[in-house]
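Okay, hi everyone. Let's take a look at today's structure together, and I'll talk you through a few spots.

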Amino acid sequence: MRLRMAVIGVGHLGQHHARILAGLPDVELIGVADANPDQARQVAAKLNTAAHDHFEPLLNQVDAVSVVTPTVHHHHVAAAFLRAGVPVLVEKPVCRTVAEADDLIRLAAEASVPLQVGHIERFNPAFEDLARRPIVPKFVEAERHGPYTGRSTDIGAVLDLMIHDLDLLLALVGGPVRHVSAVGAAVFGGHEDMVNARLEFENGCVAHVTASRISPRPKRRLRVWAPEGYAGIDFVSRKLTLVQPGEEVRRHGLRPERLDPASRARLKDEVFGRYLQVQQIDEDRKGDQLTAELRHFVDCVRTGRRPRVTGEDGRDALGLAEWVLAAVRAHQWDGRADGPTGLGGFPRPSGWLFPPASDRREAA
Ligand code: NAD
């Protein structure tokens, strides 16, 4: 029997959820709902399914649902389906607050149905590959830079972008975190547009995480240093680079002064290769991540298996994001408690770096 499914919120991302679900052989997309009736109709017409401007009529018609509304509505929509005993995939961030996330976790447990959170980078093949390897991270650098899209303005760069890396870190390093310091700025006003955080885990690992949603070029990468070696992921190209000390280095270290002159002369060329072994893993990886994520959710609904990214995972990433935001708010711009602090207190620019161009369009 095909699984009857619906997508709630078919904007920028939700329309792709709907398109992919409509194409899965064991799923019947019985409808889409969007608060914008034109959007619902347009997407439904393309996929030959029913359009709704409210989700309520779908509550008792579906076997599973994907919630892709703006974050502020996640709890309200997801809770209604969980109360009706329907398994839910909810986009990231799981909710606005940890309390809301805890409520969804409780409702899913009461109904004994899967609750999955859309932390899609967990399905990036480069991350999947790294997560299978025996690496114990000691220092991590994560960067996630994106262009300004004008979307997701109900949240800032931490809940929009950084939360991906916070979830990956918790999955890879395995929390808990014992200290967070952070600095962030709302360049355009409102929520933060860029943030840098330093996280110290209880197991000694340190992570530097940067997110910006006002970068001219996208960049999404994670770099891990561990006793086992180094791992670098480029999430855009889905490439994994691994470097590990070879047997010689593991046994004796590298002492240039003990090498004969010929070996010492070749050292620069032989560091990577002979002493530090390198592997690039970028073979053509089939399939896109969103399909893998939705396929996984459908399998979990069918088998009752625990999703790879649970409600608890979504809640923990959100809790860490809230901690980063609190650290951003507490940051003292002048290094003094009586000076400006945090986002609201971002100092006004005191001068121009170069002569300003006029940014006002001439009236026609
Ligand atoms: P969007 O604004 O383009 O789309 C949201 C849609 O939901 C709109 O069409 C809106 O009309 C509709 N909507 C609003 N309230 C509704 C309600 N109560 N019921 C039904 N429909 C409603 O936003 P988006 O960029 O598609 O983002 C949606 C969600 O997906 C957000 O939570 C965002 O954080 C998440 N997201 C995740 C990723 C990722 O990498 N996993 C990427 C982008 C967005």
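Let's begin with a question: is Asp-63 buried, partly exposed or exposed? Keep in mind that we're looking at a predicted model here. Asp-63 turns out to be partly exposed, because its relative accessible area is 25%, and buried would need a value under 20%.

So who does Asp-63 pair up with? The partner is Arg-4, and the two form a salt bridge with their closest N and O atoms 2.9 Å apart. What I like here is that this pair links distant parts of the chain: Asp-63 sits in the loop between strands S3 and S4, Arg-4 is in strand S1, and they are 59 residues apart. Arg-4 counts as partly exposed too, at 33% relative accessibility.

Now over to helix H4, for another kind of pair. Arg-106 and Glu-110 meet there through their side chains in a salt bridge, 3.0 Å from N to O. Both residues lie in H4, 4 residues apart, which is about one turn of the helix. Here's the general idea: an α-helix has 3.6 residues a turn, so residues three or four places apart point the same way.

Next pair, please. Asp-193 and Arg-213 make a salt bridge as well, at 3.4 Å from N to O. This one also links distant parts of the chain: Asp-193 is in the loop between strands S8 and S9, and Arg-213 is in the loop between strands S10 and S11, 20 residues apart. Both of these residues are buried. And salt bridges can share partners, too: that's how Asp-26, Arg-295, Asp-299 and Arg-302 are joined into one network. Altogether, the count comes to 29 salt bridges.

Last stop: helix H3, residues 74–83. How many of its 10 residues are buried? It's 8, so the helix is largely enclosed by the rest of the structure. Among the buried ones are His-74, His-75, Val-77 and Phe-81. And what covers them? The cover includes strands S1, S4, S5 and S6, along with helix H4. After H3 comes Gly-85, which has a positive phi, near 80°.

That's my tour. Thanks, and over to you!

How values were computed
Residues numbered from 1 in each chain as written. Predicted model: local features only at pLDDT ≥ 70, side-chain atom pairs only at ≥ 80, totals over all residues. Heavy atoms only, no water. Buried < 20%, exposed > 50% of the residue type's maximum accessible area, 1.4 Å probe, protein only. Helix = DSSP H or I, 4+ residues; strand = E, 2+ residues; numbered from the N terminus. Contact = heavy atoms within 4.5 Å. Salt bridge = Lys/Arg side-chain N within 4 Å of Asp/Glu carboxyl O.
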